[in-house]
Amino acid sequence: MTGGAVRVVVGAGQTDFVPSGMDKGTGLRALSARLGGHVALAVGDTGEDLPVFAGAVISRAPRNADDAVRAAGIPLTRGSYQSGLTQACAALLGHRPGSCPLCRLPVLAPRTAALCGVLGLRENGVRGLATRTALLTAATATHNRR
Ligand SMILES: [Zn+2]
């Protein structure tokens, strides 16, 4: 259909069209060369992410990683999805992201905090979803009583 010029990558909830001969590592290597640096941390959960691990100082895969990533021996985080990404960042920083003055999150407006809470409900898959939903509901109820 594309004459071999494009590779179709079907993901979870998305489909990517990638020029043949290119992968995520191609882009990352080009960016590193342009910036004159190295890749300090690579995080990925599918076989399409394998090229980004080459040359990275620290490589991590969230617990939801597919068989290709697991077979490659990439160290897994305890958490899945965004929770795993947070743990991978902690491996780079040496502390939990947001726990020092340098990387602490700004105080968010209540509506912004609520939106971030909704977006983060599935940050560790279904694990902890009930707790996060209850906390978000309580925070929203508290805010609405003011
Ligand atoms: Zn910090």
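Reader: What makes the pattern along the protein chain β-β-α-β-α-β-α-α-α-β-α?

Author: Helices (H or I, at least four residues) and strands (E, at least two) are DSSP runs, numbered from the N terminus. Under that definition the protein chain has 6 helices and 5 strands, and reading them along the sequence gives the pattern β-β-α-β-α-β-α-α-α-β-α. The model is a predicted one, in which local features need pLDDT of at least 70 and side-chain atom pairs count only at pLDDT 80 or more, while totals for chains, interfaces and linings use all residues. Residues are numbered from 1 along each chain as its sequence is written.

Reader: How do you know whether the protein chain is spread out or a compact globule?

Author: The radius of gyration is taken over C-alpha atoms, and the globule rule is 2.2 Å times the number of residues to the power 0.38. For 146 residues the rule gives 15 Å, whereas the radius of gyration of the protein chain is 19 Å, well over that value, so the chain is more spread out than a compact globule. Along its principal axes the C-alpha trace spans about 60 × 40 × 30 Å.

Reader: What separates the centres of domain 1 and domain 2, and which classes of residue does domain 1 turn towards domain 2?

Author: The bounds come from an automatic or database domain assignment, which divides the chain into domain 1 (6-93) and domain 2 (110-145). Their centres, taken over C-alpha atoms, are separated by 28 Å. Two residues are in contact if their C-beta atoms, placed from the backbone, lie within 7 Å; by this criterion 6 residues of domain 1 are in contact with 6 residues of domain 2. The side of domain 1 that touches domain 2 has 1 nonpolar, 5 polar and no charged residues, where Ala, Val, Leu, Ile, Met, Phe, Trp, Tyr, Cys and Pro count as nonpolar, Asp, Glu, Lys and Arg as charged, and the others, Gly among them, as polar.

Reader: Why does the span of helix H4 agree with its number of residues?

Author: The expected span of a helix is 1.5 Å times one less than its number of residues. For the 13 residues of H4 (residues 81-93) this should be 18 Å, and the end C-alpha atoms are 19 Å apart, which agrees. Just after H4, glycine 94 takes a positive phi of about 90 degrees.

Reader: Why is glutamine 87 called buried?

Author: A residue is buried if 20 or more other C-beta atoms lie within 10 Å of its own, exposed if 12 or fewer, and partly exposed in between, with C-beta atoms placed from the backbone. Glutamine 87, in helix H4, has 20 C-beta neighbours inside 10 Å and therefore counts as buried. The buried residues of H4 are Ser83, Gly84, Leu85, Gln87 and Ala88, and they pack against strand E3 (41-43), strand E4 (58-60) and strand E5 (123-126). Leaving aside neighbours within four places in sequence, glutamine 87 is in contact with Thr77, Arg78 and Gly79.

Reader: What makes a set of residues the largest nonpolar core?

Author: A nonpolar core is a set of buried Ala, Val, Leu, Ile, Met, Phe, Trp, Tyr and Cys residues joined through C-beta atoms within 7 Å. The largest such set has 11 residues in all, including Ala42, Val43, Val69, Leu85 and Ala88. E3, helix H2 (50-53) and H4 each supply at least two residues of this core, and its largest share, 3 residues, comes from H2.
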